[in-house]
Amino acid sequence: MPVYLDYNATTPLDPRALEAMLPFLTEHHGNPSSVHRFGRTARSAVDRAREQVAGLVGAQPGQVIFTSGGTEANNLAIKGVAALNRPGHVVIGATEHPSVAESAASLGEEGWRVVALPVDGDGRLVEPAIEPALSLRPALVSVMWANNETGVVQDVASLSARVREHGGLMHTDAVQAAGKIEVDFAASGVNLMSLSAHKINGPKGVGALIVDKSVEIRPMLHGGGQEKNRRSGTENVAAIVGFGAAAGLAKSRLADYRARLKTLRDRLESELCELDGIEIFGARVERLPNTVCFGAAGIDGETLLLGLDRAGIAVSSGSACSSSHREPSPVLRAMGIEPGLALGAIRVSLGFGSTGQDIEDFMTVLTMQWRQLRRMTGRAVGQA
Amino acid sequence: MSDSIYLDNNATTPVAPECLDAMLACLRDNHGNPSSKHRAGERAKQLVNEARALTAGLLGAAPAEIVFTSGGTEGNHLAILGALALNPDKRHVVTSAVEHPSTLQLLRHLESHGVRVTLLPVDAEGRLDPAAIEAAIAPDTALISLLWANNETGVLFPVEAVACIAREQNVLLHLDAVQAVGKIDIDLKQVPVDFLSLSGHKLHAPKGVGALFVRKGVKLPPLLFGHQERARRGGTENVPGIVGLGVAAALALEAMEADTARMRALRDRLERGVVERIPFARVNGAGAARVANTSNIRFGDMEAEIILDRLDRAGICAALGAACTAGGSEPSHVLTAMGLDRRAARASVRFSLSRYTTDAEIGRVLELLPGIVDGLTAVAA
């Protein structure tokens, strides 16, 4: 029986979300811009989903812009804000998702300067570096709510208050945080927030950017004027409906999610610690209840990953989005983890469907592979 | 809505049952991220690549020339912005006055950033003269961007001739083929375009997915950063949507001849019937080559919006030009470019058929429409 422990890469679609989507893949096939009955049915379904998505993160429905996913939302936030400001500074965290980091880097062509806020060994922003960066009066600060690789949570609310004092806008990539921990757009004081459906048991191909009504952004996609002219293109109705349903489900189970996953995760970590030389990254700070990222010197993460996969266990050696590169993860590098250790990093991310049996199976296979790899490494070291 | 007659397939089409089956299998069982290295990821990547081959097959393209997008609007943006980025010293774009809003609005925005745009006129039938293209090309022309088939009238542009001109003049060519794909034969081995956008939901695939053909050798800079789609389009792939697009492409290729013949016969029956029963009705663009499924009919000086409302109450769904601009009070820019005055443009209704349209449905429209029009004429009189 395969064991899927890669929920930060993508999650299975909840059957109830699929159920909600089905009518919009069959008889209710209208274009929400059409004024006839098919169009009106589609329009009201999109509006309902907008309320559900807003509800998950304490936002107003009018603040939700549906996008094709988290990457588009991050691009829209950063390029959309920058386009309406004179080039100056944009500040991002050192461990942002590539869609934030590369969007910010692309602004360099237009004269923007990108400042990366360093993180400490636990992956949290380094406090003394924040004030100097904010004193540059950046137009935009983008720091993720929770990291996709380590699960480390940043104090977004306190940062956004400081960003506001300096007259800037605050964006947070909450793709990994929403649905796993309490995320409140209004209470956090951020101006823009990115979400993705397929990380919360919704479908792929849909996400949202939540934008405070006082903030203007320039659209990336022009045309039919959908999403109040901020994102043109025919709405992906069925997927939006699935996103709404998944958001509603995620909200209703949030307390349960935290309790269940933290128990499983703590059990997994206590067993991991019995293996020789394991380090769990970010273990000392607040993390998502579902994520464990660990490494051990001298173990190659890729080899371990493939061995686990052969035994039917799906985990990740870092972010799925960068796993075609064979370099230590930029996130771990930013945390100052030495390359030897970072190259061995394995990310286990649990989901609402994960069970104690999954943990047991994982540990059994891991322990076996681990000993084997250790013996090989030992021999290699012995020969050197 | 099973008793409704849906004649607004240029706005969006129902998902083909075969597509839905393939998508459902994927939505239920396969939840891998194609970027993941484990089996679930490999399987998802394999599904995406199968769909890529099928989509390429519909266009006579190579699989590596297909970049999946979130839809037609994104495809048009990726091509136009990409072409300009590839030619930083060329700031001129040639297009037509009857393009889709996603092209026109983008170009309007770019005009405020120093891009020069030439909007070529069309004749009374909606046709474009290739000689006008040649004349419009300047030394700093970065791109020609044109519809293949017009979404409101179905009129086809002479893209083969334009492609030759673009090649000779060494200018990049983008075709917005959203309304042409699946309705006419397209072989990009024969037509040397550089970019071609298509949209899933116009050819019985789901909404939220599309593709941009990028000719091999053209190094397209991305709109969304990320390593996916060979760094040409970042973001986790919409696997079920892409799978649906692949199946829809295969179905379209297989059934094209039969489907277009059927749609053409039904469309012609509709147009003949309407003109016979409502003598003042005129078919816009009737003198031009058109795709087989589209009919844009002007009803004298009547308010098309009221006709559409009455049709809707009778269960018949048609449209006032493009869905994207529906609800706006402006008359269609396509029809006004064809020389119709505002009133005539506002008196025009678009009927667009699909492979699922039946003879009985067309019969029912022909039965009801004259009564609706008579009733409104009586009120006006």
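Reply: In this predicted model, the second largest cavity holds about 220 Å³ of space. Its lining comprises 22 residues, and those closest to the centre are Thr234(A), Gly72(B), Thr73(B), Ser199(B) and Lys202(B). Helix H3(B) gives the most to the lining of this second largest cavity, with 4 residues. By class, the lining of the second largest cavity consists of 14 polar, 4 nonpolar and 4 charged residues.

The largest cavity has a volume of about 410 Å³. It is lined by 40 residues, of which Gly70(A), Thr71(A), His198(A), Gly235(B) and Thr236(B) lie nearest the centre. Three elements each supply at least two residues of the lining of the largest cavity: H3 of chain A, and strand S2 (66–69) and helix H7 (228–231) of chain B. The largest share, 4 residues, comes from H3(A). The lining of the largest cavity counts 23 polar, 10 nonpolar and 7 charged residues.

About 1,000 Å³ of space lies in the largest pocket. Its lining has 30 residues, and Lys79(A), Glu109(A), Glu110(A), Arg218(A) and Leu81(B) are the closest to its centre. Helix H3 (70–82) of chain A, together with helix H3 (72–86) and helix H4 (101–111) of chain B, each contribute at least two residues to the lining of the largest pocket. H3(B) provides the largest share of that lining, with 5 residues; H3(B) is also the element that gives the most to the second largest cavity. By class, the lining of the largest pocket has 18 nonpolar, 7 polar and 5 charged residues.

The axes of helix H1 (residues 15–25) and helix H8 (residues 237–252) of chain A come within 8 Å and cross at roughly 155 degrees. H1(A) and H8(A) are therefore roughly antiparallel to each other, and their crossing is right-handed. On the H1(A) side, the contact involves Arg16(A), Ala17(A), Ala20(A), Met21(A), Phe24(A) and Leu25(A). These meet residues of H8(A), including Val237(A), Val241(A), Gly242(A), Ala245(A) and Leu249(A). By class, the contact of H1(A) with H8(A) has 12 nonpolar, 1 polar and 1 charged residues.

Conventions:
Residues numbered from 1 in each chain as written. Chains lettered and ligands numbered in written order. Predicted model: local features only at pLDDT ≥ 70, side-chain atom pairs only at ≥ 80, totals over all residues. Heavy atoms only, no water. 1 Å grid on protein atoms, 1.4 Å probe; cavity = no way out; pocket = protein on both sides within 12 Å on 5 of 7 lines; lining within 4 Å. Points joined across faces, edges and corners; volume = space filled by probe spheres on them. Nonpolar A, V, L, I, M, F, W, Y, C, P; charged D, E, K, R; others polar. Axes fitted to C-alpha atoms, helices over the stretch in contact; angles between N-to-C directions. Parallel < 35°, antiparallel > 145°, perpendicular 65-115°, else oblique. Left-handed = near helix turned anticlockwise from the far one by under 90°. Contact = heavy atoms within 4.5 Å.
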